[in-house]
Amino acid sequence: MRVLIVDTYYPAFIDATYAADPDLEKEPYLEQLSALMSRAFGTADFYSQNLRRLGHSAEDVVANCTPLQRQWARENGRGSLPVGAYDDFEAILLAQIQKFEPDVIHFQDCINTSVRVVASARRHSRCVTTQVACPFPPSVDFSHYDLVLSSIPHFVQTFRSRGIASEYFRIGFEASLIERVSEGPRKGAVFVGGLSNAHRERFGLLAKLAERDLIDWWGYGVEQLDDQSPLRRCYRGAAWGLDMYGVLANCAVSINSHIDVAGPHANNCRLYESTGMGALLLTDWKSNLSDLFEPGVEVVAYRTPDECAELIVHFAGVHDEARRIAEAGQRRTLEQHTYAARMAEFVEITGRYRRR
């Protein structure tokens, strides 16, 4: 099976990557792509690597990376792109799809993928999929997808009620990251993630923890805060990709707080990133958490900001218990929640939706 994974990256991450290496945009396409993937941002090449290990052909496209896509057009555009289309990034993406001739095209970002691209993708593959686990505007048209995947169970139910094919598909962890990140003495509680209008509950939680100087925070959204917000005191800057995994590999406790639309369901990447890197995961209680991890044994769950604060203080003084739970959580992730396991599921699921 031939699978093309089309993703978009945060512009701030792209800018930081190219700013760190001003000569990168002059490099050949595959070297630029390799440099981006080596930073382990988002799902990076975790899908494609593991699909190839299963015997499939898989490639990645970062559709909104301007220097990368322009370089692909320079190297491959002759005969496949109209004159003057080297800045038409939809045209470049469509040319990439046609050149690869995939059986399955998976769009990681349905919000920023146009209907024109998805409709064209259907003509050049047997199955077009996407995934969504965040708020999306009503303007997103899912009718051209053969399948919508989601790690949020009630999203799946909603899509199906609208006549859209949908399957439950969990996020995972790339086990090879453990060997790529240096682990030092574990200390402190951290939160790695963003603040936005989609994270209203998270604002209150983090503010409560910051008032008591219980956490360090890496992520985005600090510009939204009042000048006097206690969160400004604990903000440590952005942490993308490998830098984020480094933070998790060196903390004692990783705080998790789900996006508001997750509702009663545990689903996000922080569940697996934190446990995978060996941190004690302190997560907001959800009705399906026990389907993923055993609370109190592999992770710890809180129900209120005050309880979260109390648990941070508790585990800061009870290191043996914290270590036992963290080690159990890591074992569970490495046994059941890796991208190697997820890609086997992906192959099985998409096999049921491929058009003949």
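So, let's start with Phe203, which counts as partly exposed at 25% relative accessibility. Keep in mind that this is a predicted model. Phe203 sits in helix 9, residues 200-211. What does Phe203 touch, not counting residues up to four places away in sequence? The list is Leu195, Ser196, Gln224, Leu225 and Leu231. And then there's Ser257: Phe203 and Ser257 are 54 residues apart in sequence, and C-alpha to C-alpha they are 9.6 Å apart in space.

Okay, moving on to a pair of helices. Two packed helices are described by the angle between their axes and the distance between the axes. For helix 5, residues 89-100, and helix 6, residues 115-123, the axes come within 10 Å and cross at roughly 15°. Anything under 35 degrees counts as roughly parallel, so helix 5 and helix 6 are roughly parallel to each other. The crossing of these two helices is right-handed.

Which residues make that contact between helix 5 and helix 6? From helix 5 you've got Glu90, Ala91, Leu93, Leu94 and Ile97, and they meet Arg116, Val117, Ser120 and Ala121 in helix 6. Sorted by class, that contact of helix 5 with helix 6 has six nonpolar residues, one polar and two charged.

Buried in helix 6 are Val117, Val118, Ser120 and Ala121. They cover an arc of only 165° around the axis, so they end up on the same side of helix 6. What do the buried residues of helix 6 pack against? Helix 5 is one partner, and the others are strand 3 (104-107) and strand 4 (127-131).

Last stop, some backbone angles. Most residues other than glycine have a negative phi. Here are two with a positive value. Ala44 has a phi near 40°, and it's found in the loop between helix 2 (29-38) and helix 3 (46-53). Glu101 has a phi near 55°, and Glu101 lies in the loop between helix 5 and strand 3.

Now, are they buried or exposed? Ala44 has a relative accessible area of 6%, and buried means under 20%, so Ala44 is buried. Glu101 comes in at 58% relative accessibility, so with the exposed cut-off at over 50%, Glu101 counts as exposed.

That's what I had, so let's go to questions.

Methods: Residues are numbered from 1 along each chain as its sequence is written. This is a predicted model: local features need pLDDT of at least 70, side-chain atom pairs count only at pLDDT 80 or more; totals for chains, interfaces and linings use all residues. Side-chain values use heavy atoms; hydrogens and water are left out. Axes are lines fitted to C-alpha atoms, for helices over the stretch in contact, and angles run from 0 to 180 degrees between N-to-C directions. Helices (H or I, at least four residues) and strands (E, at least two) are DSSP runs, numbered from the N terminus. Angles under 35 degrees count as roughly parallel, over 145 as roughly antiparallel, 65 to 115 as roughly perpendicular and the rest as oblique. A crossing is left-handed if the near helix is turned anticlockwise from the far one by less than a right angle, and right-handed if clockwise. Contact means heavy atoms within 4.5 Å. Ala, Val, Leu, Ile, Met, Phe, Trp, Tyr, Cys and Pro count as nonpolar, Asp, Glu, Lys and Arg as charged, and the others, Gly among them, as polar. Buried means under 20% relative accessible area, exposed over 50%, partly exposed in between (1.4 Å probe, protein chains only). The arc is that of the directions from the helix axis to the C-beta atoms.
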